Amino acid sequence: MSLTPDLRHAVADLYAAYAACLDDGRYEEWPAFFTADGWYRVVARENFDRDLPLSVISLKGRPMMVDRVVGITSTIFHAPYYQRHIVGLPVLAVADDATIHASVNYAVFRTKRDMAAEIYNVGQYIDKIDFEDGKLKFKKKFCVYDNDLIPNSMIYPI
Amino acid sequence: MSANGQAASDGVTRPAWRDEGSSRIPSAVYTDRSIYDRELERIFYGPHWSYVGLEIEVPEAGCFKRTSVGERSVIMIRNRKGEINVLENRCAHRAMRFCQERTGQVKTLVCPYHQWNYNHDGKLLGVPFRNGVKGNGGMPDDFRLEDNGLNRLQVAVRNGVVFACFDSAVEPLEDYLGEDILASFDRTFDGRELVLLGYSRQRIPGNWKLMMENIKDPYHPGLLHTWFVTFGLWRADNDSRLRMDRHHRHAAMISRRSSQVTGNVAEGVTSFRANMTLNEPLLLDIVHEPWWGDDTVCMTTVFPNVIFQQQVNSLSTRQIIPAGPGSFDFVWTHFGFADDDAEMTERRLRQANLFGPAGFVSADDGEVIEFSQDGLVQDKAFATMCELDGRGVGPTEHMVTETLIRGMYRYWREVMEL
């Protein structure tokens with residue numbers, strides 16, 4: 001695999017679709033952005049930089065992601081809010097294992113009812129992307145966030 | 001007198017309690033600045049032990065961790081003899097909060113402003129130009145290094161857990177905790193070597209006591225938290241017992257998981273989902289550990305600033321750092337044991353999905369605390385109601401009670417004289 005213009009476009013489309021899915025609140029569609037054995041992890045930068053393994057959210061495999069979707073749509077009580085993702089340009093490389101390694105800056109704004117928008121979560125996606133059934137999917141998606149003091153709670157995926 | 005109490009000659013608002021008891025807590029107790037300032041002085045800076053961290057966070061000489069006791073920034077640091085010191089992060093010269101990194105390792109502590117230099121015990125080692133330059137200036141003759149060290153707090157270390165206190169009159173930690181709470185503490189912290197798994201931090205816009213109340217409230221988990229009630233991790237029909245110290249300021253909620261639903265605990269409880277199953281059963285891959293005994297959960301609140309959590313295989317300390325009457329930071333430190341195998345470590349990390357700012361059973365605790373605070377702010381004449389199981393205070397063999405909350409406020413009223 002080499003980073004052809006077509007592949008770069010396909011990766012950019014993947015990030016755009018991912019952000020749109022979350023910002024639209026289409027959470028049921030979210031696990032399908034991952035490979036069957038994909039790993040989704042939201043981790044504070046202080047843990048990541050020190051190789052401490054704790055995550056705020058760590059989901060291995062699509063079934064665990066589906067359980068999280070049930071949690072956010074049905075079992076966790078929380079104030080409603082909108083998310084708005086601003087995702088930067090990916091820095092891409094093809095690794096020896098033929099997966100695409102991507103690091104991408106992101107900022108997520110949160111808007112609660114009756115409130116102004118606020119900067120909610122800022123960090124970097126550190127991802128591994130692979131083809132599954134002919135489609136690009138996240139084999140690994142680490143959301144490493146800089147602002148390690150979370151404004152109360154984190155419900156929806158980043 | 002106004003409905004929300006009035007300020008006395010000392011400037012501290014007198015909350016309008018309805019009676020001499022502690023089952024109705026006035027809004028001002030959660031929202032009033034003058035009351036909060038007295039809490040800092042009498043509770044956080046008074047003769048109460050505050051949790052500051054785990055010994056493993058500062059493994060070697062010169063390793064430090066910055067944290068807070070109340071609103072005061074402190075540094076937990078290990079010296080060359082292997083002892084733990086807790087020093088106030090405030091230079092003796094010009095008050096600089098000089099330590100800005102959260103963790104690190106240093107030969108000495110140096111305030112960058114004028115390079116005053118302290119050892120790991122907080123002793124001032126030297127100041128530049130003390131004797132002047134070319135015969136000019138310098139410190140007065142009566143300047144003594146030993147008079148200008150960093151403020152050094154009282155420290156107690158028990159089985160790897162570090163507490164500190166600004167007040168030298170504080171009683172020994174073991175007496176402070178009392179027999180029953182010490183037993184809960186020692187159940188997890190029995191001297192085994194701990195392993196640090198990492199941190200989660202959240203800022204919750206509510207009064208700090210609401211978090212203590214939350215973990216002294218065995219009524220809500222089987223109602224608010226679908227996962228607890230549906231999977232039997234915490235439910236009103238579980239065998240359980242509640243314990244307090246003799247002052248009623250600390251508490252332990254101890255219970256046993258049950259897969260059988262009995263009685264009326266699920267009837268009309270909308271959070272109970274009889275048919276809910278996990279797509280990934282590994283999320284609740286619970287493996288019994290010998291040190292548990294029959295109990296699967298033990299939540300210990302040590303007044304004023306820490307909760308020790310064992311909920312099945314997930315272990316954490318949860319530290320409260322108050323930031324004004326309407327906000328606090330909540331710092332989770334997850335840990336395991338040095339003799340955990342890789343599978344157990346993975347299990348603890350997986351079960352951490354239940355807890356913390358995004359947890360299946362904890363994210364909503366932060367949310368309800370925020371909304372409680374909102375309600376208390378909007379109605380200054382209100383008093384909360386904590387009368388499940390009566391108005392008294394005492395240990396119980398069940399969880400259908402708010403006795404632990406009443407116990408904390410009984411103590412609070414004594415120490416605050418409000």
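Which residues in H2(B) meet B:Trp412, B:Val415 and B:Met416 in H10(B)? The first legend gives the answer.

This is a predicted model, in which local features need pLDDT of at least 70, side-chain atom pairs count only at pLDDT 80 or more, and totals for chains, interfaces and linings use all residues; side-chain values use heavy atoms, with hydrogens and water left out. Residues are numbered from 1 along each chain as its sequence is written, while chains are lettered from A and ligands numbered from 1 in the order in which they are written.

**View 1. Helix H2 (residues 33-44) packs with helix H10 (residues 403-416), both of chain B.** Helices (H or I, at least four residues) and strands (E, at least two) are DSSP runs, numbered from the N terminus. The two axes are 10 Å apart and lie at an angle of about 85°; axes are lines fitted to C-alpha atoms, for helices over the stretch in contact, and angles run from 0 to 180 degrees between N-to-C directions. H2(B) is therefore roughly perpendicular to H10(B), a term for angles of 65 to 115 degrees, whereas those under 35 count as roughly parallel, those over 145 as roughly antiparallel and the rest as oblique. B:Ile35, B:Arg38, B:Glu39, B:Arg42 and B:Ile43 of H2(B) meet B:Trp412, B:Val415 and B:Met416 of H10(B), contact meaning heavy atoms within 4.5 Å.

**View 2. B:Arg42 forms a salt bridge with B:Glu417.** The closest N and O atoms of this pair are 2.8 Å apart; a salt bridge is a side-chain nitrogen of Lys or Arg within 4 Å of a carboxyl oxygen of Asp or Glu. Because B:Arg42 lies in helix H2 of chain B and B:Glu417 in the segment after H10 of chain B, the pair ties together parts that are 375 residues apart in sequence. Over all chains, the structure holds 43 salt bridges.

**View 3. Four strands of chain B form an open sheet in the order E7-E6-E5-E8, with antiparallel pairing.** Two strands pair if DSSP finds at least two bridges between them. At the edges are strand E7 (84-88) and strand E8 (103-105) of chain B, each of which pairs on one side only. From one strand to the next, the twist averages 30°. Strand E5 (residues 63-69) of chain B pairs with E8(B) over three bridges in the antiparallel sense, and B:Lys65 stands opposite B:Thr103 in E8(B).

**View 4. Chain B meets chain A through 41 residues of chain B and 33 residues of chain A.** The area buried between the chains is about 3,200 Å², of which carbon and sulfur atoms give 54%; buried area is the accessible area (1.4 Å probe) that two parts lose on being put together, summed over both. B:Ala358, B:Phe360 and B:Glu367 supply 18% of the area that chain B buries against chain A, more than any other three residues. Five salt bridges are found across this interface. One pair, A:Glu46 and B:Arg102, forms a salt bridge with its closest N and O atoms 3.4 Å apart.

**View 5. A cis peptide bond joins B:Phe303 and B:Pro304.** Its omega is about 5°. B:Pro304 is found in the loop between strand E17 (297-302) and strand E18 (306-311) of chain B. Most peptide bonds are trans.
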